[in-house]
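I opened a new notebook page for this structure.

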Amino acid sequence: MARWAHGGGGYGGRVIQVHRGDERYPGGDAAAGIETRHAFSFGPHYDPDNLRFGALIACNEERLAPGAGFDEHPHRDTEIVTWVVEGELTHRDSTTGHETVVRPGDVQRLSSADGVRHEERNAGAEPLCFVQMWLAPTGFGGEPEYEVVRGIADGTPYALPGAASMLHVRRLADGERSAVPDAPRAYVHVVRGAVRLDGRRLAAGDAARITDAADLELAAEGAAECLLWEMPGEPSYG
């Protein structure tokens, strides 16, 4: 992990931590066609210094072979946002009765609230790759909610009021620049390609955790796609 501080901007003292893709905790089940790379402490990979960043408590890169998937399992009090990189994700929610195919460019949100059970599977003939992000809610309990936004446009923010956060999708051409949202906390995940952030190169799978983000830009090196979370400061969840 690389960490550096940089003054300036509109906040007190900017800190940027870079976590490389090859530093992620390995998971999944290779025999079952499931490969997972966890950005945060997860399951047997317990790291008390890497439990969360702001509202974000998981950012998992998932790869499922055709026919592979996660059997029905429970969640509660978690905001779950899924972004498909390639292939098609079949999602079944036995609690609210939704069955959906999620494709690249779609944003799927499952607010588990006081409890849901769901299944995620690659029912197609091609490999599936997706990024799944879990955020802590601002309050507990309530009714579960489910939503899919089809073909979200570049630059259109997706609000996640249940976690007081905002997701931004950035698709950049070679040499194009795009601002990082000014926020107490921002999280940048590079989905594909490579970008430069404050002089550092981030490649696919790399992520940057920014405290006191202001006056920062991403600059693409070739075509690139990034997911950016705009989050409040010290969490007050519960």
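**Fold.** I looked up the secondary structure and found zero helices and 22 strands in the chain. Helices (H or I, at least four residues) and strands (E, at least two) are DSSP runs, numbered from the N terminus. The model is predicted: local features need pLDDT of at least 70, side-chain atom pairs count only at pLDDT 80 or more, and totals for chains, interfaces and linings use all residues. Residues are numbered from 1 along each chain as its sequence is written, and side-chain values use heavy atoms, with hydrogens and water left out.

**Overall size.** Along the principal axes, the C-alpha atoms fill a box of roughly 50 × 40 × 35 Å. I noted that 49% of the 238 residues are buried. Buried means under 20% relative accessible area, exposed over 50%, and partly exposed in between (1.4 Å probe, protein chains only).

**An open sheet.** I followed four strands in the order β6-β11-β8-β9, with antiparallel pairing. Two strands pair if DSSP finds at least two bridges between them. The edges are β6 (69-75) and β9 (98-102), and each pairs on one side only. From one strand to the next, the twist averages 15 degrees. Axes for it are lines fitted to C-alpha atoms, and angles run from 0 to 180 degrees between N-to-C directions. I then looked at β8 (residues 89-93), which five bridges join to β9. Arg-92 has Glu-99 in β9 as its bridge partner.

**The largest pocket.** A pocket here is an open set of points on a 1 Å grid where a 1.4 Å probe fits, with protein on both sides within 12 Å along at least five of seven lines. I read about 230 Å³ of space in the largest one. Its lining has 18 residues, and the closest to its centre are His-38, Phe-42, Asn-60, Glu-62 and Phe-70. Lining residues have an atom within 4 Å of a point. Strands that each supply at least two lining residues include β3 (25-29), β4 (34-38) and β12 (128-135). By class, I recorded six nonpolar, 10 polar and two charged residues in the lining.

**A loop residue.** I found Asp-182 in the loop between β16 (177-179) and β17 (183-192). Is Asp-182 buried or partly exposed? Asp-182 is partly exposed, because its relative accessible area is 44%. Its C-alpha atom is separated by 6.9 Å from that of Asp-215, 33 residues apart along the chain.

Conventions:
Points joined across faces, edges and corners; volume = space filled by probe spheres on them. Nonpolar A, V, L, I, M, F, W, Y, C, P; charged D, E, K, R; others polar.
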